[in-house]
Amino acid sequence: MAPTTTSGALADGGAEEGARKVRDVLGGAQGAERRGVLANAAGGIVVGGKARDLREGAELARESIDGGRALDKLNGLAEVSQRLGTEE
């Protein structure tokens with residue numbers, strides 16, 4: 001079954017709170033935020049042609065999160081963003 005969540009589970013509390021929630025989820029936290037991340041990631045994975053349907057996309061997202069690859073990618077993106085921000 002594709003994951004479900006309430007609308008705005010990650011957005012509640014502003015940008016800093018949302019960023020903390022995403023890091024928590026990518027670090028292994030369970031709950032509504034994780035279900036929202038899995039649902040959104042599943043759609044992106046399907047649209048990107050890496051999965052046939054949302055169920056497969058959610059499983060690939062789950063594997064990426066549980067294996068630590070998603071958090072590694074986020075940390076790499078944050079590092080590049082910080083470096084680019086200091087070059088201005």
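The protein chain exposes about 5900 Å², of which carbon and sulfur atoms supply 54%; accessible areas come from the Shrake-Rupley method with a 1.4 Å probe, and for residues only the protein chains shown count as cover. This is a predicted model, in which local features need pLDDT of at least 70 and side-chain atom pairs count only at pLDDT 80 or more, while totals for chains, interfaces and linings use all residues. Residues are numbered from 1 along each chain as its sequence is written, and side-chain values use heavy atoms, with hydrogens and water left out.

Of the 88 residues in the protein chain, 22% are buried (under 20% relative accessible area, with exposed over 50% and partly exposed in between; 1.4 Å probe, protein chains only). The chain holds 4 helices and 0 strands, in the order α-α-α-α along the sequence. Helices (H or I, at least four residues) and strands (E, at least two) are DSSP runs, numbered from the N terminus. Among contacts (heavy atoms within 4.5 Å) with a separation of 6 or more, 48% join residues 24 or more positions apart.

The largest nonpolar core has 9 residues: V25, L26, V37, L38, I45, A51, A61, I65 and A70. Such a core is a set of buried Ala, Val, Leu, Ile, Met, Phe, Trp, Tyr and Cys residues joined through side-chain atoms within 4.5 Å. Two or more residues come from each of α1 (14-26), α2 (32-47) and α3 (54-66), and α2 gives the most, with 3. Setting aside neighbours within four places in sequence, I45 touches K50, A51, G57, L60 and A61.

Helix α2 also carries R34, which counts as buried because its relative accessibility is 6%. With the neighbours within four places in sequence again left out, R34 is in contact with V25, A29, R62, I65 and D66.
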